Amino acid sequence: MNATEQPFDADATPARPLTITELAELAGVSTATVSKVVNGRSEVAPETRSLVEGLIRRHGYRRKRRRVSPAALVEVVIHALGGDYPVEIIKGVGQVARQHNLAVVISDAPDRETPGRGWIEGVLSRRPSGVIGVFSGLTEDQREQLVTRDIPIVLVDPSGDPGPGFPSVGAGNWSGGLSATRHLLDLGHRRIAIITGPDWALPSRARLDGYRTALDLAGLAADPELIGSGNFLIEGGRAQAHRLLRLPQPPTAIFAANDGQATGVYRAAHELGLRIPHDLSVVGFDDLPSVEWMNPPLTTVRQPLCEMAVAATGMLMKLVQGEPLPQSRVELGTELIIRGSTARPAG
């Protein structure tokens, strides 16, 4: 019998999930082949893998739930491993994982929005108790592969809408953008620029909306010339700051939508011979540990990354233990931290 011949009705949905033996019979392949697909092994032909995965999605396959043990793992998959941001996330995950005698495995997914096929194959072979993801979400196939293996996932700071099937923890991005801009308005600034993150990132859009709302409440129109499209990277902040500070009427203050871009603003100001905060006030977003040691220390909106990771891992532990979540979306508050990078405008 070949892989396309099926001994019984493939469209008939059974009353219970199928065993490996039943899946193998339905697919016309060996139980060893189905086992390799279930366990994320790579040595299976793409056509056969697609057939078996389709049958699993249609009919269901579930292992008996494993008990959490000291050998169990929590996997953290994050879009980039450089800088302070991932350290804060991993620190929070580790705090909760230790309480449950869980080890932590870290993997990176360079595409922030959705990790690639290589990651999902790896996580299926490692079989962690659960996954903490720092990205927008998964493809439908990836989600089904985790669901059918009883591997729950919770997202931290998702950059897009993860959808109803993905529990997540985020921060008050809109209120953070509002408080950052209000602070600059209260100091007397009126030409306030913003360097956003990528257009596809919902946190960036929310921070921009908070900025616009603060200006509107102060009776000021947002000047499109003062809105710079950034990428959450230092070099992006530097490039946009150079453009803004070379305008015929440059801003007296810049709100950078994350601390990395604020670092780029510092660099651009230095290159143009401007002093912070005497010639230019700067506000960031995140409050990463290193910004307190910038010269001058950075005024920024504190996004509680470590606490967000703690909350997300706590939610994950409930799912691992088969407990329902009281809510699938948790949002923690942000706080403006005033330091030395903001002052009243000169003159």
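1. Leaving aside neighbours within four places in sequence, Glu-88 is in contact with Pro-289, Leu-305 and Cys-306, where contact means heavy atoms within 4.5 Å. Glu-88 belongs to helix α4; helices (H or I, at least four residues) and strands (E, at least two) are DSSP runs, numbered from the N terminus. Glu-88 counts as buried because its relative accessibility is 13%. Buried means under 20% relative accessible area, exposed over 50%, and partly exposed in between (1.4 Å probe, protein chains only).

2. This is a predicted model, in which local features need pLDDT of at least 70 and side-chain atom pairs count only at pLDDT 80 or more, while totals for chains, interfaces and linings use all residues. Residues are numbered from 1 along each chain as its sequence is written, and side-chain values use heavy atoms, with hydrogens and water left out.

3. The chain contains 11 helices and 12 strands. Of its 347 residues, 51% are buried. Among contacts between residues at least 6 apart in sequence, 72% join residues at least 24 apart.

4. The length of α11 (residues 305-320) may be checked: at 1.5 Å a residue, its 16 residues should span 22 Å, and its end C-alpha atoms are 22 Å apart, which agrees. The expected span is 1.5 Å times one less than the number of residues. Just after α11, Gly-322 takes a positive phi of about 80 degrees.

5. Ala-72 is placed in the loop between α3 (46-59) and β1. At 11% relative accessibility, Ala-72 counts as buried. Not counting residues up to four places away in sequence, Ala-72 touches Leu-102, Ala-103 and Ser-129. Ala-72 and His-100 are 28 residues apart in sequence, and their C-alpha atoms are 9.4 Å apart in space.

6. How do helices α9 and α10 cross? The axes of α9 (residues 234-245) and α10 (residues 259-271) come within 7 Å and cross at roughly 45 degrees, which makes α9 oblique to α10. Axes are lines fitted to C-alpha atoms, for helices over the stretch in contact, and angles run from 0 to 180 degrees between N-to-C directions. Angles under 35 degrees count as roughly parallel, over 145 as roughly antiparallel, 65 to 115 as roughly perpendicular and the rest as oblique.

7. The contact residues divide into 6 nonpolar, 6 polar and 3 charged. Here Ala, Val, Leu, Ile, Met, Phe, Trp, Tyr, Cys and Pro count as nonpolar, Asp, Glu, Lys and Arg as charged, and the others, Gly among them, as polar.

8. The axes of α1 (residues 20-27) and α3 come within 10 Å and cross at roughly 120 degrees, which makes α1 oblique to α3. This crossing is right-handed. Leu-23, Leu-26 and Ala-27 of α1 meet Leu-51, Val-52, Leu-55, Ile-56 and His-59 of α3; these residues divide into 7 nonpolar, 1 polar and no charged.

Definitions and conventions
Left-handed = near helix turned anticlockwise from the far one by under 90°.
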